[in-house]
Amino acid sequence: TQGTSSTAPLAPYVEGLEAEAALFAAGLAAGVTVSHLHIGGGTPTFLPPDLLKRLFASLKAHFPHAPDAEISIEVDPTELDDARLDALAEAGITRASLGVQDFDPAVQAAIGRQQSFGETESAIRGLRERGIDALSLDLLYGLPLQTKSSLSRTLDQALSLAPGRIALYGYAHVPWASKRQVMVREEDLPCARSRLDLSQDAAEQIVKAGYLRVGIDHFAKPGDALAIASENGTLRRNFQGYTTD
């Protein structure tokens, strides 16, 4: 990823994705269909609506979808206007993953990520209004200035949104690999013992709210496909987390 001050690089980037998709599709056996398609690893909703539509149409043309395919995307609630929401609905999105990290203003300031609870709530409402109700929230523990009480408040807010899944990841401080982390003061980071306490307390709070623990860092409501897979032994894990595929 890299920063950009304009949308100029976005169309060429999508063109590159389309070219790569064409090359990959040419090597697939006849009759292969897609059961899961995930667009993420960054902030794909940074793309304007027309490019979102173009990307999904191209992917569907290159990779025919199975009738019950799960089509998921990572979204940034601060960049999810009505036009983008409409584009996602038109693309047939069935699941959305929203990055939250933490709702505490002091923690957000320390990591340079401003995202209010209201923005997140509005994004979820917009998704649900368009029939996209399979929702996941990504939270982090071990962030600078994060405390047990502040993380507990964040969890209360996140749980009030009733997502089907919650991922609780540990923050990895790697400023040599992630330039935006250079602004994080290491003295503001919790120690190893505090990180463990934050993780355990948060997990207990989520479980008490009725979620089932899935593996080491995921939680799902009873009846969710992840929870079922965990119970019957068919759960798998890839570099993005747990999957039923």
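I began with helix α1 (residues 10–26) and helix α2 (residues 49–62), which pack at an angle of about 5° with their axes 10 Å apart. Axes here are lines fitted to C-alpha atoms, for helices over the stretch in contact, and angles run from 0 to 180 degrees between N-to-C directions. I noted that α1 and α2 are therefore roughly parallel to each other, a term for angles under 35 degrees, while over 145 counts as roughly antiparallel, 65 to 115 as roughly perpendicular and the rest as oblique. Helices (H or I, at least four residues) and strands (E, at least two) are DSSP runs, numbered from the N terminus.

The model is predicted, so that local features need pLDDT of at least 70 and side-chain atom pairs count only at pLDDT 80 or more, whereas totals for chains, interfaces and linings use all residues. Residues are numbered from 1 along each chain as its sequence is written, and side-chain values use heavy atoms, with hydrogens and water left out.

**Entry on α1 and α2**

I looked up which residues make this contact, where contact means heavy atoms within 4.5 Å. On the α1 side I found L10, A11, V14, E15, L17, E18, A21, A22 and A25, and these meet L51, R54, L55, S58, L59 and H62 in α2. The residues of the contact of α1 with α2 divide into ten nonpolar, two polar and three charged; Ala, Val, Leu, Ile, Met, Phe, Trp, Tyr, Cys and Pro count as nonpolar, Asp, Glu, Lys and Arg as charged, and the others, Gly among them, as polar.

I then checked E18, whose place is in helix α1. E18 is buried, with a relative accessible area of 17%; buried means under 20% relative accessible area, exposed over 50%, and partly exposed in between (1.4 Å probe, protein chains only). Leaving aside neighbours within four places in sequence, I found E18 in contact with R54, S58 and H62.

**Entry on α2 and α3**

Next I turned to α2 and α3, which pack at an angle of about 10° with their axes 9 Å apart, and α2 and α3 are therefore roughly parallel to each other. From α2 the contact takes P49, L52, K53 and F56, and from α3 it takes A83, R84, A87, L88 and E90.

R84 lies in helix α3 (residues 82–90), and at 14% relative accessibility R84 counts as buried. A polar atom of the R84 side chain lies 2.7 Å from the backbone oxygen of T45, and the side chain of R84 also reaches the backbone oxygen of F46 at 3.4 Å. Not counting residues up to four places away in sequence, R84 touches T45, F46, L47, P48, P49, L52 and E79.

**Entry on α7**

I followed helix α7 (residues 192–208), which has 17 residues and reaches 25 Å from its first C-alpha to its last, close to the 24 Å expected at 1.5 Å a residue; the expected span is 1.5 Å times one less than the number of residues. The buried residues of α7 are D197, L198, S199, A202, A203, Q205 and I206. What covers them includes β4 (134–141), α6 (148–160), β5 (165–170), β6 (212–214) and β7 (218–220).

**Entry on loops**

I noted F239 in the loop between β8 (236–238) and β9 (241–243), where F239 is exposed, with a relative accessible area of 76%. L145, in the loop between β4 and α6, has a phi near 70°, a positive value in a residue other than glycine.

How values were computed
A polar contact is a pair of N or O atoms within 3.5 Å; within protein, one must be able to donate a hydrogen and the other to accept it, and residues adjacent in sequence count only if both atoms are side-chain atoms.
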